[in-house]
Amino acid sequence: MSGAWFVLARVARDRSALLGLVLILGLVVVAVGAPLFATHPEDVFELHPAKRLRAPSAEAWLGTDRMGSDIYSRLLFGARITIVIGVIAVGASLIIGVPVGLVAGYYQNWFSDLLMRVSDVFLAVPQVVLAIAIAQTLGPSLPNVILALSVTYWPWFARIVYAETRSLQKEVFIESTAALGASPWRLTALHVLPNIVSPIIVRASIGMGFTILTAAALGFLGLGPPPPTPEWGRTIAEAREFLPDAWWYALAPGLAIFLTVMGFNLLGDGLRDVLDPRLRRGRSAPDG
Amino acid sequence: MSQRRSWLVVVLMVSVIALSAAPAVAQTRFVFANESPYDTMDPHAAFDVGRVAVRLNLYDGLYRWLDNPPKLEPWLAESHTVSPDGLVYTFKLRRGAKFHDGTEITGEDVRYSMERILAMKKGAAALLSTMVAPNTTKALDKSTVQFTLTKPASIFLAVVPEVHVVNAALLKKHEKDNDWGAAWLTSNDAGSGSYLLSRYDPAVGFIAKRFAGHFMPWGPKFIDEIEFRLVKEDNTRVLGMIKGDYQGTGGYLPNDQVKRLREAPNVKIIEQESMRIMMFQVNNQRAPLTDVNVRRAISYAFDYDGFNKEILGGTVERNPVPIPNNLWGVPKDVKGYTYDIDRAKAELAKAKTKVDRPLTVGYLQGFSQTEQAATVMANGLRKAGIETKLVSELWPAMVERMKKPETSPDLVVYWISTYYADPNNWIGEMFHSGQWGTFKASSFYKNPKVDDLLDTALKSTDKKVREKAYQDAARIVVEDAAGVWIYNTKYFGPWAKTLEGIRFSPIGNGQEMRWVYYAK
Amino acid sequence: MRLLALALHRLLWFVPTLLGLLVVTFVISRVIPADPVALVAGETATPAQVDALRHQLGYDRPLPVQFVGYVGHLLRGDLGTSLYTTRPIADDLAARLPATIELTLVAMVVSVVVGIPLGVLCAVWRNSLLDHALRVVTVSGLAIASFWLGIMLQLLFAMRLGWTPLNGRLTGFPPHGITGLLLVDSVLTWDGAAFGNALAHLALPAATLAVPALATLVRFTRAGVLDVMQSNFVLYERAMGLPRSVIVWKYVLRNALTSTVTQLGLLFGILLAGAVVTEAVFDWPGIGTYAVNSIIRSDYNAVMGFTVWAGAIFILVNLLVDVAHTLIDPRERTV
């Protein structure tokens, strides 16, 4: 679509958004190519107790962890987990949230109110707490973390789509098309959807950053994938007891998280500026 | 008087009042940073090592374990006699010992205390109820109390120190709905110990002041006020010791932290051989662990040296049998298992039951050493061809799971500390089939021959007979690979350099403050 | 009046929303695999004793019956009894609330006092060095994992430099409490040492908590001020010759305030969510750690109690923000 190239060109002109894009691409490349870029790919499972807690050196670029495994290599494989969690969780939230928002926005009746109140319910409790509750109940594992995150994030999509759909309803062209007898499905597909794609994309990008932070928090609390999975949040928790001496151990995964989330936030901001300047003001489009 | 003058007078008066109302500062203070919370002040509600400071300092028992190797010393009781059939124990109490409120300690208080433990069913009750039945204890007179056991039990004497004597009259006054004063005692003091409770907050800890009227004579120097505080993070406790905020903390810190403390100028490390075994309990009742070859394979799959020497920096001793190395009853000829993946694979090949599913390895949330041990075990098992799934629980939740063979994980790693200095504390409670359901017996092991040996050891009072029985039992259990025994702890206790008189015992961990004073 | 209608409309939905929240939490908490009743009964209880306790507590009745009973208690103000501490949950929450309030308030004050002026400056000096630098800083601030930030702050200031304590709210026993807010209590009891102690302990956690809030505030204030500055009526004022500073202080700020008020509600949400993780890192004895510990210990009464409390507060705050927003901005008075 020429539209996509146009957007991309506009984004590329914004230096910070470009930086964001570069960071994200970097993350993807690193994650996909982890076996290639890692100096000790076997250290995802292997332990070398005799080499534990060594400072960064030629052999271990970011030092070794409490089991003697190479931190740098484990970090690269951790990128895979981060991407998987982010993409699937945000994707699932999208798949749940968008239809809910569409239906609620289209049918302006008690049912819509109900749907929106249900999403309010999920937003009423701090999302971290809800995610913790779900992850703890189901047991710490990768699928459960993704589930917990999807369940807590879909209301954001629902709300945005609801607000957009509602305002579109008042647009003259919708009313006239409906008066001409177009079916709801046709209306939605041809007229509503194209207009809500932009806010959805912006929200998805920002949502990735937020989801990754929450996933790391879950990992930090011990509710993420169990050892020896090299999840970034869990690594930070492991590193804590070896401060202040082995400070590189806690620094590295935190920086990785920072760069990743920064990438998504910058890109999201850039997309927002390009796609819909109106959104900057909106009450329903905050960060996180 | 002018405006100014009257103000001056007022200021002077106020300052005089304020100064005279200022509380007198205690002469010497001691602050201990503890890693578990003191959620109750009731000595009968808890039996664990984490909260031992309450029992040791605020309460007294008939006898007391002191020093290392631990010796049983007369405390509230001067002496005791045992009937020839080994069933009746009669204790003679010393005269003139008083509770904190000034009332005399009598045989009735001791009788009440025993009944209370049995009725509340917490703490040491599980152990005592196997030996003493409710309403069988008698106070013969003001200074004599008699226990009648249900069957001869040589460990009764070893466990007697856990019968902490509480002030019966005081508790009866605060009783509500037949609770034996439990609700009140959670935050109060009904003891006779060297220190008496002055302030308590379950989220913070407790403060206690010296009880000058304690029956044991005080030395010329002592500590006036002790405070035991909850400080959860290892790092905070270590930093606090270095800065001088705390003068003592728990002695089972990770090796890296001990090193930092050694280098601190105001801290000294007291090194002692303790009795605290870390091990994996293996669920002997769940296939494929019902097969002895599979269990042996697991025993060969743990990197003992890698864990003990590298990860723990050599601060622990390999302990291949389920009795601490430094206690009697250990068969000295048993070498135990080594880290040998080839032999592990060979055992698996011999096994009649195949391992066709991942084994669950349980560790304790909040205890990173157990997490590391589980990771090492998972790694070895993976090399031997067995997949694993690591699961973590908080200790109370894990205790819950370990009550039944169906809910207990395949392997669980934790420690068993010294509740009383007798091999029964370990091998007896771990491998007797009658102990299933207690947290020490999550091996769910059932071997009539071992049961017999352990019963013999419990009944006999002849140390030689008992020693042989325990040694034979240990040999069988090791042969059966009923568990994986990793190490016996050494105690590295951080204390302020200026402190003297610390008496370490594996039961108590040196937290009995009545002997301690500041030199200088 | 319209305002009343709006308020009533929102209030009407308050109850079902809260109820919905309760149902969700109730279902989650009763589905937990671990058996908390057995945990309460203790290590040495027999299965028969556990069942007796379960019957005594009423946990063997059908779920809907339990739920109705629970709501009934709620209406009487009884949040239930914690299975772990055996104290009434309302008491537990009340005891821990001041700690979280104090932390959140300090963080909020810091964010507002620093954030709003900075946001205004950025808008007024658009595209200046300050503006660009702050853009980078605020984006960074929202990209840092707060638990990691807390740990790094601890590493630098507590461990390496020794300027602040490592964690906790206070070293030792607190001054005898009146409000529960240590800063206030130590002033009221004229305890300078305690004040310093409490402040030192607040420094790092409040800083950690304030970072995302600050970043958000700066960005939104900047956007809000920019919008107003480019709006028609300001252009008119400038055309009329009013000096810039007057325009900014008299008109722009007042209008930008509307979005700020909205943001306070948002801010509250961010701070409450952040408090949970920050409290965990700094071992802060507040509601956040209470919630996390209750979940991990499967103390489902406490989880329910916390959810009810947090949900009610959250919904209430949103309602208040809506009302305030309507009050301040006449344009918004159409429902």
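# Notebook: a predicted model with chains A, B and C

**Entry 1**

I began with Phe444(B), which counts as buried because 23 C-beta neighbours lie inside 10 Å, and the cut-off for a buried residue is 20 or more. I note here that the model is a predicted one. I then looked up the backbone of Phe444(B) and found a phi near 45 degrees, a positive value in a residue other than glycine. I recorded this angle because most residues other than glycine have a negative phi. Phe444(B) is placed in the loop between helix H15 (427–431) and helix H16 (448–459) of chain B.

I next turned to Lys440(B), which lies in the loop between H15 and H16 of chain B. Is Lys440(B) buried or exposed? I found 21 C-beta neighbours inside 10 Å, so Lys440(B) counts as buried. I listed the residues that Lys440(B) touches, leaving out those up to four places away in sequence: Ile416(B), Glu429(B), Met430(B) and Gln435(B).

**Entry 2. Asp67 of chain B**

I looked up a further positive phi, that of Asp67(B), which is about 65 degrees although the residue is not a glycine. Asp67(B) is found in the loop between strand E2 (63–66) and strand E3 (71–74) of chain B. I counted Asp67(B) as partly exposed, because 13 other C-beta atoms lie within 10 Å.

**Entry 3. Cis peptide bonds**

In chain A, the bond from Pro227(A) to Pro228(A) is cis, with omega near 5 degrees. Pro228(A) lies in the loop between H9 and helix H10 (232–239) of chain A. In chain B, a cis peptide bond joins Ala287(B) and Pro288(B), and its omega is about 0 degrees. I located Pro288(B) in the loop between strand E12 (267–282) and helix H10 (292–300) of chain B.

**Entry 4. Chains A and C**

I then read off the elements of two chains. Chain A has eleven helices and zero strands. Chain C has 13 helices and zero strands. For burial, I found that buried residues make up 52% of the 288 residues in chain A and 44% of the 335 residues in chain C.

I also looked up how far apart in sequence the contacting residues lie. In chain A, among contacts between residues at least 6 apart in sequence, 71% join residues at least 24 apart. In chain C, residues 24 or more positions apart account for 72% of the contacts with a separation of 6 or more.

**Entry 5. Where chain A touches chain C**

How many residues does each chain give to the contact? I found 39 residues from chain A and 43 residues from chain C. On the side of chain A that touches chain C, the elements that give two or more residues are helix H5 (110–124), H6, helix H9 (184–220) and helix H11 (247–275). The largest share of this side, nine residues, comes from H11(A). By class, this side of chain A divides into 25 nonpolar, seven polar and seven charged residues.

**Entry 6. H6 of chain A and H12 of chain C**

I examined one helix pair across these two chains. The axes of helix H6 (residues 127–138) of chain A and helix H12 (residues 287–296) of chain C come within 9 Å and cross at roughly 15 degrees. Angles under 35 degrees count as roughly parallel, and H6(A) and H12(C) are therefore roughly parallel to each other. Their crossing is right-handed. From H6(A), the contact is made by Val129(A), Ile132(A), Ala133(A) and Gln136(A), and from H12(C) by Ala291(C), Val292(C), Ile295(C) and Ile296(C).

**Entry 7. The largest nonpolar core**

Last, I looked up the largest nonpolar core, which has 318 residues. Which residues have the most contacts inside this core? They are Ile132(A), Ala217(A), Met377(B) and Ala213(C). Helix H9 (residues 192–229) of chain C gives the most to this core, with 17 residues. Ile132(A) is also one of the residues of H6(A) noted in the contact with H12(C). For Met377(B), I listed the residues touched, not counting those up to four places away in sequence: Phe280(B), Ala301(B), Phe302(B), Val361(B) and Leu411(B).

Notes
Residues are numbered from 1 along each chain as its sequence is written. Chains are lettered from A and ligands numbered from 1 in the order in which they are written. This is a predicted model: local features need pLDDT of at least 70, side-chain atom pairs count only at pLDDT 80 or more; totals for chains, interfaces and linings use all residues. Axes are lines fitted to C-alpha atoms, for helices over the stretch in contact, and angles run from 0 to 180 degrees between N-to-C directions. Helices (H or I, at least four residues) and strands (E, at least two) are DSSP runs, numbered from the N terminus. Angles under 35 degrees count as roughly parallel, over 145 as roughly antiparallel, 65 to 115 as roughly perpendicular and the rest as oblique. A crossing is left-handed if the near helix is turned anticlockwise from the far one by less than a right angle, and right-handed if clockwise. Two residues are in contact if their C-beta atoms, placed from the backbone, lie within 7 Å. A nonpolar core is a set of buried Ala, Val, Leu, Ile, Met, Phe, Trp, Tyr and Cys residues joined through C-beta atoms within 7 Å. A residue is buried if 20 or more other C-beta atoms lie within 10 Å of its own, exposed if 12 or fewer, and partly exposed in between; C-beta atoms are placed from the backbone. Ala, Val, Leu, Ile, Met, Phe, Trp, Tyr, Cys and Pro count as nonpolar, Asp, Glu, Lys and Arg as charged, and the others, Gly among them, as polar.
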